[in-house]
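Biologist: I would like to learn how to read a structure like this one. Can we go through it feature by feature?

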Amino acid sequence: MIRVLAVALAYYAAGRVGMLKHVEIEGTIVTPLWPPTGVALSCLLLMGLRVWPGIALGTFGVILTISTLSPTGLLIATGNTVAPIASYLLLRRVGFRLELDRLRDGLALVFLGALAGMLISATTGPSLMLALGQVDSDSFWPVWSAWWTGDAMGVLVFTPLLLLARKLRMPRDPLRVAEGAGLAITAVVLTPLVMTSELSLLFLTFPLLVWAALRFQLAGSAPCAALASVAATSAATDEAGPFASHTFLEGMVTLQAFNGSVSLTALLLAALVTEQLNIRRSVERACLELTELVEHLAPGRTGQTWPPQQR
């Protein structure tokens with residue numbers, strides 16, 4: 001019961017944060033980046049399916065902050081609850097590992113956890129609004145696409161970050177600590193500059209992500225990606241920086257393309273590098289074991305005869 005309440009509180013808090021930067025499309029409130037989906041999927045992956053009532057409670061709480069609870073709100077809340085559950089079941093089906101240390105895990109999170117699972121919540125809400133006449137047929141697809149990308153980006157940005165937090169450890173090597181501090185300072189200084197400059201400098205984010213993924217894997221790339229996505233979402237909704245010269249639709253398209261590219265680069269590159277490092281360590285262990293075996297069988301060792309005696 002305590003875990004369920006904790007999940008509900010976390011979902012509700014993430015929803016309140018997400019609503020700070022909402023946009024209105026054809027009279028419908030949507031968010032370009034919806035953190036609760038990442039919170040919900042992370043809780044399911046870490047604590048199992050038994051905490052799903054907490055997701056439902058959190059969803060109801062968020063809806064109540066926007067409007068009164070109605071049959072439409074109940075059905076939307078149901079879709080928002082079922083979507084992360086479906087993502088969780090899909091990831092379990094393919095043997096997803098929480099460490100995200102394989103390329104297949106990164107691909108599974110992108111295509112099954114984010115893009116496929118969030119189709120449920122993105123389709124439920126706009127379809128109900130269309131059926132009730134709250135949106136017309138011309139507005140359906142803009143609302144649907146914004147809903148889907150917001151939910152999917154919540155998974156891609158926040159799920160790796162939350163999965164990482166449970167096993168994050170400070171490195172013992174002073175040089176590595178210094179490099180990590182340099183990466184953090186660079187990210188904190190560079191990201192606001194890129195997002196507030198009227199020049200189109202969004203591409204400067206990607207060398208930072210490559211540095212983070214190559215040197216620190218997910219521990220470096222996930223926070224950098226989250227920082228970049230949150231800053232870009234804030235700039236786009238405020239129509240500031242590189243988004244100031246665009247129309248609303250152009251700004252939203254640019255934002256989603258940027259956030260998607262950032263998340264994919266950070267997640268997949270980190271998973272690929274981690275997988276290669278694990279393979280290298282496995283090969284090194286195998287070579288060490290082979291060396292010890294050869295030394296054990298070498299001539300001159302006590303109790304050994306070489307070549308073996310024929311009987």
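Biologist: Is Trp144 buried or exposed?

Modeller: This is a predicted model, and the value is computed from it. Burial is judged by relative accessible area, and under 20% means buried. Trp144 has a relative accessibility of 15%, so Trp144 counts as buried.

Biologist: How many residues apart are Trp144 and Trp148 in helix α7?

Modeller: Trp144 and Trp148 are four residues apart in helix α7, so about one helical turn separates them.

Biologist: How do I read a pair of aromatic rings?

Modeller: Two values describe a pair of aromatic rings: the distance of the centres and the angle of the planes. The structure holds four aromatic pairs. One of them is edge-to-face: Phe140 and Trp141, at 4.9 Å centre to centre and with 80° between the planes. Trp144 and Trp148 form a stacked pair, with 5.3 Å from centre to centre and 25° between the planes.

Biologist: Which residues do ring pairs link into a cluster?

Modeller: The cluster consists of Phe140, Trp141, Trp144 and Trp148.

Biologist: Are Phe140 and Trp141 buried or exposed?

Modeller: Phe140 counts as buried, because its relative accessibility is 10%. Trp141 counts as exposed, because its relative accessibility is 55%.

Biologist: Now the helices. At what angle do α7 and α10 pack?

Modeller: For a helix pair, look at the angle and at the distance between the axes. Helix α7, residues 137-165, packs with helix α10, residues 218-237, at an angle of about 140°, and the axes are 9 Å apart. That angle makes α7 oblique to α10, because only angles over 145 degrees count as roughly antiparallel. The crossing of α7 past α10 is left-handed.

Biologist: Which residues make the contact?

Modeller: From α7 come Val157, Phe158, Pro160, Leu161 and Leu164. From α10 come Leu218, Ala219, Ala222, Pro223, Ala226, Ser229 and Val230. By type, the residues of this contact are eleven nonpolar, one polar and no charged.

Biologist: Where is Asn259 found, and which residues does Asn259 touch?

Modeller: Asn259 is found in helix α11, which spans residues 248-297. Leaving out residues up to four places away in sequence, Asn259 touches Met153, Ser229, Ala232 and Thr233. Ser229 also belongs to the α10 side of the contact with α7. Asn259 is buried, because its relative accessible area is 0%.

Biologist: Where is the place of Ala40, and is Ala40 buried or exposed?

Modeller: Ala40 sits in helix α2, residues 35-47. Its relative accessible area is 1%, so Ala40 is buried. Apart from residues up to four places away in sequence, Ala40 touches Tyr11, Ile55 and Pro84. Between the C-alpha atoms of Ala40 and Ala56 there are 9.7 Å, and these two residues are 16 residues apart along the chain.

Biologist: How many helices and strands are in the protein chain as a whole?

Modeller: The protein chain has eleven helices and two strands. In order from the N terminus, the elements run α-β-β-α-α-α-α-α-α-α-α-α-α. The C-alpha atoms fill a box of roughly 90 × 45 × 35 Å along the principal axes. Of the 311 residues in the protein chain, 44% are buried.

Biologist: What share of the contacts joins residues 24 or more positions apart?

Modeller: Among contacts with a separation of 6 or more, residues 24 or more positions apart account for 74%.

Conventions. Residues numbered from 1 in each chain as written. Predicted model: local features only at pLDDT ≥ 70, side-chain atom pairs only at ≥ 80, totals over all residues. Heavy atoms only, no water. Axes fitted to C-alpha atoms, helices over the stretch in contact; angles between N-to-C directions. Parallel < 35°, antiparallel > 145°, perpendicular 65-115°, else oblique. Left-handed = near helix turned anticlockwise from the far one by under 90°. Contact = heavy atoms within 4.5 Å. Nonpolar A, V, L, I, M, F, W, Y, C, P; charged D, E, K, R; others polar. Buried < 20%, exposed > 50% of the residue type's maximum accessible area, 1.4 Å probe, protein only. Phe/Tyr/Trp six-rings, centres within 6.5 Å; stacked < 30°, edge-to-face > 60°.
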